[in-house]
Every structure is written in C-alpha cells, then in structure tokens.
Amino acid sequence: MSLLNILTLPDSRLKTVAEPITEINDEIKQLAADMLETMYAAPGIGLAATQVDRHIQLVVIDVSEEKNQPLVMLNPEVIEQAGIQNHEEGCLSVPGIYAKVKRADQVVVSYLDTEGQQQELSATGLLAVCIQHEIDHLKGIVFLDHLSVLKRKLALKKLAKVAVDA
Ligand code: K2U
Ligand code: ZN
C-alpha cells in the first residue's frame with residue numbers, strides 16, 4: 001500500500017469535476033486501499049479521489065472511533081436529504097482552516113461498492129456531513145465555497161499565511 005500526496009489549495013486541480021467509474025478493476029481497488037491508508041495517516045475521516053489528483057468518482061470514509069469501519073463509495077449520489085445542520089468543518093486540502101458549513105442533517109446516499117453492488121446508506125450527523133463534504137470534492141467544490149465572500153476571503157488570506165509559516 002502507498003501513502004498518496006494530497007493536493008492543497010490554491011491547486012486548481014481541486015476544481016476538477018470527477019468522471020463516473022465505469023469499470024471496477026484491481027487498479028480501482030488498490031487506489032481505494034491507498035486512499036484509506038492516506039486518510040488514516042493524515043489523520044482524517046474522509047478522502048475523495050480528487051484530493052489525490054485522480055479525477056474519478058471514488059471516496060473513502062471512516063468516522064468510527066476505532067477506525068475500523070471503512071466505507072468505499074464509487075459513483076456516490078445523495079438521493080434524499082432532510083433537515084439542516086451547521087457543523088464546523090476542516091479539509092485535508094485546506095490545512096489549518098476551519099469554518100461552520102450548513103448542510104443537510106440526514107442523507108440517503110446511493111453508490112456502488114467495490115464488488116459492483118448498488119448500495120443505499122442512510123446517514124445523519126457527522127457521517128452525513130462527511131458524505132456531503134466528499135461528494136462536493138468530486139464536483140470540484142471545497143467547503144470554503146459554501147462560505148460568504150467575506151468569510152472565504154478571510155479564510156484564503158489565513159491559508160496563505162499558514163502556507164508561509166509552514
Ligand atoms: O475531505 C477531507 O478533506 C476530509 C475531511 C472530511 C471532513 C471534513 C469536515 C467534517 C467532516 C469530515 C477531513 O477528515 S478533515 C479532518 C477532520 C478530522 C476529524 C473530524 C473532522 C475533520
Ligand atoms: Zn475536504
């Protein structure tokens with residue numbers, strides 16, 4: 001398995017819209033395994049293929065305390081949503097920046113698993129936030145894009161400072 005490089009803003013590749021996966025092969029399964037290893041090492045609770053410069057619709061998630069409940073989602077799509085939550089978010093591609101983002105509190109996500117089986121998962125709370133955050137990445141959207149112009153400007157200014165201080 002390999003640790004992958006995670007793209008960070010202002011890298012414009014993070015704005016790329018990912019393509020659907022049409023064939024599930026060993027390369028896709030190995031990429032998912034490498035993304036899980038990279039996510040756990042970061043550490044994070046989610047990672048989208050966009051963030052490792054692979055522009056296909058693949059996300060990995062694990063919000064469990066024990067880090068032993070990995071989810072691998074191919075071609076994920078939110079098919080139902082309800083409620084609103086305002087959860088503080090961070091992002092492995094936007095290091096050191098945190099902000100509250102309004103998102104649906106409950107989602108039903110439809111996706112293909114690595115065996116090619118269509119799955120549907122109902123999620124609330126942090127898992128729902130993470131699913132929406134990762135699917136955003138596949139659309140070329142980062143969580144800062146949900147902020148007001150002023151808040152985004154301040155965040156990007158802080159990001160530039162974090163990069164200089166690093
Ligand atoms: O996409 C990513 O960069 C992974 C995020 C996912 C995430 C962001 C906000 C809220 C939930 C999930 C990273 O996991 S950010 C690091 C992190 C770690 C633990 C809890 C929340 C955020
Ligand atoms: Zn992110």
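## Ground rules

Residues count from 1 along each chain as its sequence is written, and chains are lettered from A and ligands numbered from 1 in written order. In this predicted model local features need pLDDT of at least 70, side-chain atom pairs count only at pLDDT 80 or more, and totals for chains, interfaces and linings use all residues, while side-chain values use heavy atoms, with hydrogens and water left out.

## Around ligand 1

Ligand 1 has 14 residues around it. Ile45, Gly46, Gln51, Leu92 and Glu134 come nearest. Being near means having a heavy atom within 4 Å. By class, this shell holds 6 nonpolar, 6 polar and 2 charged residues. Here Ala, Val, Leu, Ile, Met, Phe, Trp, Tyr, Cys and Pro are nonpolar, Asp, Glu, Lys and Arg are charged, and the others, Gly among them, are polar. Helix α2 (residues 125-138) gives the most to the shell, with 6 residues. Helices are DSSP runs of H or I, at least four residues, and strands are E runs of at least two, numbered from the N terminus.

Now the polar contacts (pairs of N or O atoms within 3.5 Å). A backbone N or O atom of isoleucine 45 lies 2.8 Å from an oxygen atom of ligand 1. The side chain of glutamine 51 puts an N or O atom 3.0 Å from a ligand 1 oxygen. For the side chain of histidine 133, the distance is 3.0 Å. Taken alone, ligand 1 exposes 470 Å², and the protein buries 82% of that. These areas use the Shrake-Rupley method with a 1.4 Å probe.

## The zinc ion

Which residues hold the zinc ion (ligand 2)? Cys91 (SG), His133 (NE2) and His137 (NE2) coordinate the zinc ion, at 2.1 to 2.2 Å. Donors are N, O and S atoms within 2.8 Å of the metal (3.2 Å for Na, K and Ca); water is absent, so sites may look incomplete. The donor spacing in sequence is C-x41-H-x3-H. Cysteine 91 lies in the loop between β4 (85-89) and β5 (99-103) and histidine 133 in helix α2, so the pair ties together parts 42 residues apart in sequence.

## Backbone exceptions

Most residues other than glycine have a negative phi, and most peptide bonds are trans. The bond from leucine 9 to proline 10 is cis, with omega near 10°. Proline 10 is in the segment before α1 (26-41). Alanine 42 and proline 43 are also joined by a cis peptide bond, with omega about -5°.

Aspartate 53 is not a glycine, yet has a positive phi of about 60°. Aspartate 53 is in the loop between β1 and β2 (58-61).

Terms used
A polar contact is a pair of N or O atoms within 3.5 Å; within protein, one must be able to donate a hydrogen and the other to accept it, and residues adjacent in sequence count only if both atoms are side-chain atoms.
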